[in-house]
Amino acid sequence: MQDANLNDERTGSEEQAEARTGRVVRLLQQGRRAHRAVRYKARHAVQRVGRHAAQRARNAARRGRSLSLGAAALTVATLAAVGGSAPGGLLPQSADTSAVAQAVLDHSATQRADRSTRTAPSASPSATAAAPTASPAPSSTPKPAPPKPKPAWVSPMPGATVTSCFGMRWGVQHAGMDLALPPGTPVHAVGAGTVEAAGWIYAGYGISVVINHGNGYLTHYAHLSRITVSPGQKVSAGQQIGAEGSTGDSTGPHLHFEVHKGMWNQIEPAKWLRDRGVHIPGC
Ligand SMILES: [Zn+2]
C-alpha cells in the first residue's frame with residue numbers, strides 16, 4: 001500500500017513536482033530563518049539574564065552579602081534552561097548556556113579578586129595593630145643588658161694607692177689604712193648607712209666622717225679637706241661624703257680609713273672590705 005502511494009506521488013506531473021519542490025525549499029528557508037531568529041532571540045535572552053545575574057552578584061558583593069558564585073551560575077543556568085525550553089528545543093542550549101555561565105563565573109572571580117585587593121588595605125590596620133603585641137615576644141632585636149645592680153660595698157677612694165696598712169707602725173698601732181690620691185679627690189661611703197658624726201670632732205683626725213652601717217659596724221674617714229654630709233643623713237654605697245685632704249695629724253694628703261666593730265674598736269679594714277667583695281691591693 002505504502003509503496004503504491006509513494007509511486008503515485010513520484011509519478012505525478014512535472015509541474016506538480018516542481019511546485020512541491022519549490023514549496024519544500026521555501027518552507028525549508030522559512031524554517032531556517034525562523035530557526036536563526038529564535039536562536040538569536042534566545043541567546044540574547046540568556047545573555048541578558050546572565051548580565052542581570054552578574055549585576056545582582058556584584059550588588060550583593062558590594063552590600064557585603066556573600067552571594068555564592070555557584071548560586072549565580074545556577075541562576076543563569078536555570079534561567080537559560082527555562083528560556084531554552086520555550087522555543088521548542090531549537091536553542092543550542094548546552095554550548096551557549098555554559099559559555100554564559102562561564103563568563104559569569106570568570107567575571108565574578110575577577111570581582112572577587114578586585115574585592116580582595118580592595119579589602120586588603122582595610123584588613124591591614126588590624127594586622128599592624130596586632131603586630132606591636134606580637135613583636136616583643138620574638139625579641140629579634142637583642143635587648144640591652146640590664147644595668148648592673150649597684151654593689152652594696154665599694155672602695156672609699158677607687159684607684160687609690162695604699163700607703164700604709166692596719167697594724168703596728170713605728171711602735172704605735174695604726175688603726176686604719178691610708179689611701180693616697182691627689183688632694184680634693186672625692187671620698188665615698190663604702191656602704192649604705194647613716195652619718196654618725198661629721199666635722200672636726202676627734203683629736204688628731206682633722207675633718208672626719210663616721211658612718212653607721214648597722215650590725216655594729218662603723219666606718220671612719222679622716223684628714224678630709226671638706227665634708228659633703230651632715231650627722232643623721234642617710235647615705236648610699238658610693239655616695240660622696242667629702243674630699244681627700246690633710247687635716248689633723250697628717251704628714252700629707254691622704255685618706256685615713258678605719259672600720260670599727262663597735263665605736264673605737266677598730267679592726268683590720270682590708271679584710272673587712274674583702275669580705276664584702278671590695279679588693280684594695282696592698283694590704
Ligand atoms: Zn692612717
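Visitor: How many bridges join β7 to β8?

Guide: Start with the term: two strands pair if DSSP finds at least two bridges between them. Here, six bridges join β7 to β8, and the two strands run antiparallel. Ile211 stands opposite Thr219 in β8. Strands themselves are DSSP runs of E, at least two residues long; helices are runs of H or I, at least four residues long; both are numbered from the N terminus. Keep in mind that this is a predicted model: local features need pLDDT of at least 70, side-chain atom pairs count only at pLDDT 80 or more, and totals for chains, interfaces and linings use all residues. Residues are numbered from 1 along each chain as its sequence is written.

Visitor: Which residue takes a positive phi in the hairpin of β7 and β8?

Guide: The general idea comes before the case. Most residues other than glycine have a negative phi. In this hairpin, two residues lie between the strands, and Asn215 takes a positive phi near 55 degrees. His223 is another case, with a positive phi near 65 degrees in a residue other than glycine. His223 sits in strand β8.

Visitor: Is His223 buried or exposed?

Guide: Count C-beta atoms, placed from the backbone. A residue is buried if 20 or more other C-beta atoms lie within 10 Å of its own, exposed if 12 or fewer, and partly exposed in between. His223 is buried because 26 other C-beta atoms lie within 10 Å. Trp264 also has a positive phi, about 70 degrees, and is not a glycine. Trp264 is found in the loop between β11 (255-261) and β12 (266-267). With 11 other C-beta atoms within 10 Å, Trp264 is exposed.

Visitor: How many of the residues of β8 are buried?

Guide: Eight of its 11 residues are buried, so β8 is mostly covered. Across the protein chain of 283 residues, 25% count as buried.

Visitor: With which strands does β8 pair in the antiparallel sense?

Guide: Besides β7, take β11: β8 and β11 pair in the antiparallel sense over six bridges. The bridge partner of Tyr217 in β11 is Lys261. Then comes β10: strand β8 (residues 217-227) and β10 pair in the antiparallel sense over three bridges. There, Leu224 has Glu244 in β10 as its bridge partner. β10 (residues 240-244) is also joined to β5 by three bridges, again antiparallel. On that side, His188 stands opposite Gln240 in β10. In all, the protein chain has five helices and 12 strands.

Visitor: What is His220 in contact with?

Guide: Two residues are in contact if their C-beta atoms, placed from the backbone, lie within 7 Å. His220 lies in strand β8. Leaving aside neighbours within four places in sequence, His220 is in contact with Ser208, Val210, Glu258 and His260. His220 is buried because 23 other C-beta atoms lie within 10 Å. The C-alpha atoms of His220 and Val209 are separated by 5.7 Å, though the two residues are 11 apart along the chain.

Visitor: Which residues have the most contacts inside the largest nonpolar core?

Guide: A nonpolar core is a set of buried Ala, Val, Leu, Ile, Met, Phe, Trp, Tyr and Cys residues joined through C-beta atoms within 7 Å. The largest one has 29 residues, and those with the most contacts inside it are Val209, Tyr221, Leu224, Ile241 and Leu255. The elements giving two or more residues to this core are β4, β7 (206-214), β8, β11 and α5 (269-274). The largest share, five residues, comes from β8. Among the residues that Tyr221 touches, beyond four places away in sequence, are Pro156, Val187, Val209, Ile241 and Leu255.

Visitor: Where is Pro182 found?

Guide: Look in the loop between β4 (177-180) and β5 (186-188). Pro182 counts as exposed because it has 8 C-beta neighbours inside 10 Å.

Visitor: What pLDDT does the protein chain average?

Guide: pLDDT is the predictor's confidence in each residue, from 0 to 100. The protein chain averages 71, and 50% of the residues score at least 70. Over residues 44-50 the pLDDT is below 50, and beyond near neighbours in sequence this stretch has 15 contacts in the model. Over residues 59-136 the pLDDT stays under 50 as well, and the model has 63 contacts beyond four places in sequence for them. Read those stretches with these scores in view.
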